[in-house]
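Okay, thanks for coming, everyone.

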Amino acid sequence: MYEYDEFARCVGNLKKRIQKRVSDALKPYNLSSMHSMYLMTLYHKGELTLVELSGELKFNRANTSRVIRDLIQKGYVVCDKNENNLRKYKVFLSEEGRKVAESFDTQMENFKIEDVSRLTHEEWTTLIALLNKLTN
């Protein structure tokens, strides 16, 4: 029989480790891991509507609106909402938001290099393929 409890424990520990790293990296900016997903999506994809952003992250629109509103208030995201496009507007990173995203991206890349170096290329590829198989 499969050791599902051990698998759940390992995945849980990995999740905690990643969340701790993300939390530590974002602490100076008063941001959470939820913010990071939106920041990084905008960093890599550029301007998006809230519907597009929700689709990219597989989150509902209400959650996206709440997080983006918070990021706008913090000055990390801006929107092109004006009288001509009150319903369908795009959001994108401000200059400060871009700096935060770049710093965060660099830190996460360094963590990834550190973690991946413990596995061979074949082990890493297999791990990703197996996790994708379980989550799809």
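Let me start with a definition: a disulfide here is a pair of cysteine sulfur atoms within 2.5 Å. By that rule, this structure holds 0 disulfides. Keep in mind that what you're looking at is a predicted model. As for the cysteines, Cys10 comes out partly exposed, because its relative accessibility is 38%. Cys79 is partly exposed too, at 31%.

Now the overall picture. The chain has 6 helices and 3 strands, and if you read along the sequence they come in the order α-α-β-α-α-β-β-α-α. The C-alpha trace spans about 60 × 30 × 25 Å along its principal axes. Of the 136 residues in the chain, 27% are buried. And if you take the contacts with a separation of 6 or more, 53% of them join residues 24 or more positions apart.

Let's go to α2 and α3. How are these two helices arranged relative to each other? They pack at an angle of about 110°, with their axes 11 Å apart. Anything from 65 to 115 degrees counts as roughly perpendicular, so that's what we call this pair. On the α2 side, the contact is made by Met37, Tyr38, Thr41, Leu42 and Lys45. From α3 you get Leu53, Glu56 and Leu57.

After the helix comes Gly75, which has a positive phi, near 85°.

Which residues of α4 are buried? Those are Asn63, Thr64, Ser65, Val67, Ile68 and Leu71. What do they pack against? The partners are α2 (33-45), α3 (50-57), β2 (77-79) and β3 (90-93).

Zoom in on Thr64, in that helix. Thr64 counts as buried because its relative accessibility is 0%. Leaving aside neighbours within four places in sequence, Thr64 is in contact with Tyr38, Leu50, Leu53, Ser54 and Phe59.

Next, a threonine in a strand. Thr49 sits in β1, residues 48-49. Thr49 is buried because its relative accessibility is 6%, with the cut-off at under 20%. Again leaving out neighbours within four places, Thr49 is in contact with Lys88, Tyr89 and Lys90.

Last stop, the loops. Asn30 is in the loop between α1 (4-26) and α2. Asn30 has a positive phi of about 60° although it isn't a glycine. Buried or exposed? Exposed, because Asn30 has a relative accessible area of 58%. Then there's Lys58, in the loop between α3 and α4. Lys58 isn't a glycine either, and its phi is positive as well, about 60°. At 71% relative accessibility, Lys58 counts as exposed.

That's my tour, so over to you for questions.

Technical notes: Residues are numbered from 1 along each chain as its sequence is written. This is a predicted model: local features need pLDDT of at least 70, side-chain atom pairs count only at pLDDT 80 or more; totals for chains, interfaces and linings use all residues. Side-chain values use heavy atoms; hydrogens and water are left out. Buried means under 20% relative accessible area, exposed over 50%, partly exposed in between (1.4 Å probe, protein chains only). Helices (H or I, at least four residues) and strands (E, at least two) are DSSP runs, numbered from the N terminus. Contact means heavy atoms within 4.5 Å. Axes are lines fitted to C-alpha atoms, for helices over the stretch in contact, and angles run from 0 to 180 degrees between N-to-C directions. Angles under 35 degrees count as roughly parallel, over 145 as roughly antiparallel, 65 to 115 as roughly perpendicular and the rest as oblique.
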